[in-house]
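Visitor: Hi, I'm new to this one. Can you show it to me and walk me through the pockets?

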Amino acid sequence: MPLADVKATLSSGQVRHVSQRIGTQRYRISLGGPEAMRSMLKTCLTLWAARHGTDELQRPVYDDARRFVRYGGDDLARPICKIDFGPLAGSDALIPRFGQHFNLALVASDPAGRAVGYFRLYNACAWRFELCAQGAPPASIVTYVSNPGQPSIWDTATTDALIPAVAVLETIPSHDYTEVRQAFGRMHADHHSRASLTEINKICEQASTKLGFPPDQLLTPEQIDRYLAEVSHRMASWMVGVPFEESLTAEEIARLLEEAEEE
């Protein structure tokens, strides 16, 4: 059927608008994995090159780390990569600047030249990478922190100003899931809050459009009552999870068709 005929049919027919809050959606979240670990280690090596120059990474002490980034493989991953579910000492100081769910990449070396990369994802869990057992520039550090919700907010440091080197060098990987469960609980709560606010704003905008109230118009007491009644009806349906249904007038159908054409 030609599009013009579809529009004509909709404009002349009876149309009902039905919306309903979706039920629980279950997803399997995968963290890490071969490709992700290669990417995280590459980030650490890039930071180390920015700190000490690209020639530093060409030295034989980094051969295994470079090979894993280029080719992957379980035989290289086992001695190089370790997942860490434990907390990161000093991370609480980053939250006011970079948010509760910051991302962090860090490379630090001890006085003997052992270099360790650390990649913390959404402040929930982390991966540690053995760049080399010895031979790296001693007692050095480079750190990058960013806010994934606001990518323009980030910072780097080549001192302990953001995270102290001992927080990574003098701790071992933890497989205690307590902290990571709490982190994902906070992530879910924040997502639910943002999504709810988005839906509430959408309901308010739809009610205002339906009643013909421009955003900058001052409303009379009668208009406020009509607006509150419309919003309250829709909000009640949304909150308890029942369908919200309404018949559309010819004018509303025409407006929706025009909006669809503009999109």
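Guide: In the largest pocket, β1 (15-19), α8 and α9 (221-240) each supply at least two residues of the lining. Helices (H or I, at least four residues) and strands (E, at least two) are DSSP runs, numbered from the N terminus. The model is predicted, so local features need pLDDT of at least 70 and side-chain atom pairs 80 or more, while totals for chains, interfaces and linings use all residues. Residues are numbered from 1 along each chain as its sequence is written.

Visitor: What counts as a pocket and its lining?

Guide: On a 1 Å grid over the protein atoms alone, a pocket is an open set of points where a 1.4 Å probe fits, with protein on both sides within 12 Å along at least five of seven lines; lining residues have an atom within 4 Å of a point.

Visitor: Which element gives the most to the lining of the largest pocket?

Guide: That's α8, with 13 residues. The whole lining has 39 residues, and H188, H191, H192, A195 and S196 lie nearest the centre.

Visitor: And the second largest pocket, how many residues line that?

Guide: 14, with Q206, T209, R255, L256 and E259 nearest its centre. There α10 (250-262) gives the most, with five residues.

Visitor: Switching topic: is F85 buried or exposed?

Guide: Buried (under 20% relative accessible area, with a 1.4 Å probe and protein chains only), as the value for F85 is 11%.

How values were computed:
Heavy atoms only, no water. Buried < 20%, exposed > 50% of the residue type's maximum accessible area, 1.4 Å probe, protein only.
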